[in-house]
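Please look through the sequence and the model below before reading on. The paragraphs that follow lead from aromatic rings to helix packing and then to a strand residue.

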Amino acid sequence: MRILLQSLDSGKSALEDVPVPRPLGPQLLVETRATVVSAGTERMLVEFGRASLLEKVRQQPDKVKQVLDKARVDGIGPTLEAVRSKLAAPLALGYCHAGVVVEAGDGRSPFAPGDRVVTNGNHAEYVTVPYTLAARIPDGVSFEAAAFTPLAAIGLQGVRLAAPTLGETVVVYGLGLIGLLTVQILRANGCRVIGIDTSPARLAIAEAAGAVAMDAKAGDVAAKVRALTGGVGADAVLLTLASDSDEPVHNAAEMARKRGRLVLVGVTGLALRRDDFYRKELSFAVSCSYGPGRYDPTYEDQAQDYPIGYVRWTEQRNFEAILQLMAEGKVDPAPLITHRFVFDESPRAYDLIASPEPSLGVVLGYQDRGGAAISAADRVRVVQAPVTGPGAFSVGVIGAGNFGVRTLIPAIKAAGARLRTVASGKGTSAAVAARQLGFEQAATDPEAIFSDPAVDTVVVLTRHDSHARYALRALEAGKHVFVEKPLALTAAEVDAICEAAERTGRHVMVGFNRRFAPLATTLRADLARRAGPAALVLTVNAGRIPREHWTQDPAVGGGRIVGEACHFIDLARYLVGAPIRDGRALPATDPQGRAIDDIAHLSLGFADGSTAVVHYLANGSAAFPKERIEAFADGRVWQIDNWRRLHGWGGASTGGGAFSGQDKGHRAELAALAAAVRGTGPAPIPLAEVREVSRWAITLAEAARGHGGA
């Protein structure tokens with residue numbers, strides 16, 4: 001299938017051939033019939049991509065500070081590489097989509113194959129979406145009209161926040177697609193509507209829909225609104241424009257009545273003038289996209305709906321309300337359509353919206369494939385001719401996220417691997433990675449890797465809750481396994497994987513890369529010569545991640561101790577060179593006494609009498625180095641400074657030297673795995689240590705959540 005992608009580096013839009021995505025869990029696979037280009041949001045993305053690097057910097061000053069902080073901490077080289085990687089990653093465009101259900105996920109779906117639906121899917125021939133972001137299209141509503149639903153739902157949510165009543169006067173300030181659809185919604189609600197814009201064509205469309213049209217360039221619009229309302233002012237003002245200026249909010253306040261309501265639906269400057277709001281006791285709200293549920297992973301990813309008795313209007317129910325208004329003829333997108341393109345010509349549509357030529361509703365039409373079933377072959381795309389001849393370390397990679405593409409897969413390639421297949425859920429990242437890095441094929445179904453006799457090693461780079469499942473499936477298929485940390489989320493899963501590895505004789509390795517870093521191997525060699533116990537202090541300035549992020553969910557990400565602090569438990573185990581004997585966890589707590597397990601102190605005792613403390617802290621400054629490793633033994637002290645330099649005191653070796661960037665051991669760990677798979681080297685990490693460290697990470701995470709020792 002094809003999908004429309006845009007480069008943030010160049011702004012170029014192009015169609016990319018990718019495997020058909022696979023609906024996972026509570027998702028639908030939908031064959032596309034029509035999509036709409038959002039002239040506002042998508043034009044901004046195109047313009048940003050086509051801007052010079054200097055202009056990109058000017059547009060995102062908050063990102064500049066992050067880049068400068070990273071450069072100070074990690075060095076210029078790694079920072080430039082990260083920026084280039086971010087800009088090089090293509091972006092899937094579009095969020096206004098209509099089509100036909102082909103597959104209906106996990107069996108709990110309220111939809112069935114053949115249903116006509118609206119979704120917020122991309123411009124692509126097939127999309128996957130959760131149930132809660134789809135709504136049935138009523139009979140009599142065309143795919144083309146229905147595809148405008150997400151845009152109209154954005155306007156509807158703004159209307160709901162403004163809460164207009166029958167007969168009130170509402171100003172719609174900005175008559176783009178959302179603004180003009182909002183005019184129709186307000187008219188259906190029995191409101192008097194004043195539409196403000198600078199375009200004569202858009203003003204004419206608003207007037208035809210029943211609004212009073214007002215040219216923003218023709219004098220004092222606030223005074224004109226007050227005149228039209230007998231000096232009272234508008235009951236509510238919806239700002240549906242895109243502007244850098246603070247003037248629209250000031251004008252909106254001027255034209256609103258006392259105790260009027262202002263709702264920002266679009267984008268504008270927000271340097272508010274207190275006097276504007278103080279004198280009239282105005283209220284101001286910012287509308288969030290389609291409505292309640294937006295950006296909530298429980299609602300959007302897990303398809304857990306909000307009870308209607310408590311949340312009447314969600315994203316999905318707003319979609320349904322718009323479609324009902326379309327079915328009744330009260331909302332009609334047809335007058336807004338200015339251009340139509342077949343999907344093959346979609347890059348031309350983006351040239352159009354970025355050009356001076358006037359445009360409004362730009363619709364993309366797709367081939368009708370009749371909702372045909374998807375075959376296994378549809379979920380694989382051959383990128384280049386297969387490598388022939390014998391060879392070990394032929395790799396299949398599951399997951400093609402930023403870390404994998406930027407760091408781990410290049411390290412696999414440097415180890416001399418045959419890059420056979422890369423798979424990802426939606427297929428786009430896999431196809432792009434395959435072309436950029438040299439894989440033979442891209443897939444959306446991991447079975448294409450497990451069942452392939454040409455693959456001898458499976459690399460798992462997916463969300464943490466899938467690690468154990470994929471590792472066990474790979475071992476059952478007779479493959480070696482590399483799992484980016486953590487190995488699993490429960491002790492039972494860890495044991496099952498290790499027992500399967502012992503039974504099959506396959507290697508299992510976890511991405512504990514720091515033990516392979518040059519500075520770590522130098523420090524380990526020095527510590528191995530000590531006479532007495534060592535004391536280690538590992539300080540991790542981890543940085544804050546929102547509590548709602550999937551990594552913080554114990555069932556999905558395992559929490560940050562299992563998901564990331566495991567690195568440092570393993571590093572301590574490696575540096576000491578003795579089994580962990582006991583451990584304790586002391587987390588911070590919130591005012592209610594609940595554990596904050598990503599602000600925690602983990603203490604370890606080892607069989608040789610050594611100790612280690614891991615300070616895992618999410619409440620520090622990004623301007624401070626992320627990692628500092630200190631070791632104390634026999635009157636000497638060593639310090640690894642953010643993997644850039646090894647210091648020594650009291651005769652301690654500094655043979656690890658210094659690096660202009662960082663070396664955290666990724667290439668060395670994959671080279672060690674390659675040697676093991678080829679039979680020229682031992683297991684990179686003994687299986688017993690993999691099991692030991694993985695179980696201790698889980699035990700300490702449970703202890704932190706329970707505020708106690710392990």
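**Rings, helices and a buried strand residue**

F284 counts as partly exposed, because its relative accessibility is 27%; here buried means under 20% relative accessible area, exposed over 50%, and partly exposed in between, with a 1.4 Å probe and protein chains only. The model is a predicted one, in which local features need pLDDT of at least 70 and side-chain atom pairs count only at pLDDT 80 or more, while totals for chains, interfaces and linings use all residues. Residues are numbered from 1 along each chain as its sequence is written, and side-chain values use heavy atoms, with hydrogens and water left out.

The structure holds 6 aromatic pairs, where rings of Phe, Tyr and Trp (its six-membered ring) pair if their centres lie within 6.5 Å, and where planes under 30 degrees apart count as stacked, over 60 as edge-to-face and the rest as tilted. One of them is the tilted pair of Y95 and Y290, with 6.5 Å from centre to centre and 40° between the planes. This pair links distant parts of the chain, 195 residues apart, since Y95 lies in the loop between strand 4 (91-92) and strand 5 (97-103), whereas Y290 lies in the loop between strand 14 (283-286) and helix 12 (297-300); helices (H or I, at least four residues) and strands (E, at least two) are DSSP runs, numbered from the N terminus. Both Y95 and Y290 are buried. The rings of F277 and F284 also pair, and this pair is edge-to-face because the planes stand at 80°, with the centres 6.1 Å apart. Y95 and Y290 form one aromatic cluster together with F319.

F277 itself is placed in helix 11 (residues 274-280), and it counts as buried because its relative accessibility is 14%. Not counting residues up to four places away in sequence, F277 touches V249, L262, L272, L282 and F284, contact being heavy atoms within 4.5 Å. Helix 11 is also one of the elements against which the buried residues of helix 10 pack, and these elements include strand 12 (234-239) and strand 13 (256-264). Helix 10 (residues 247-255) is largely enclosed by the rest of the structure, because 7 of its 9 residues are buried, among them V249, H250 and N251.

Elsewhere, the charged end of an arginine meets a ring. R312 lies over the face of W313, at 4.0 Å from the ring centre, and the charged end of R469 sits over the ring of Y470, 4.9 Å from its centre; a charge sits over a ring if NZ of Lys or CZ of Arg is within 6 Å of the ring centre and within 35 degrees of the ring normal.Helix 15 (residues 402-414) and helix 22 (residues 666-678) pack at an angle of about 45°, with their axes 8 Å apart; axes are lines fitted to C-alpha atoms, for helices over the stretch in contact, and angles run from 0 to 180 degrees between N-to-C directions. The two helices, helix 15 and helix 22, are therefore oblique to each other, as angles under 35 degrees count as roughly parallel, over 145 as roughly antiparallel, 65 to 115 as roughly perpendicular and the rest as oblique. The contact is made by residues including F403, T407 and L408 of helix 15 and H666, R667, E669 and L670 of helix 22.

V510 is found in strand 23 (residues 508-510) and counts as buried because its relative accessibility is 0%.
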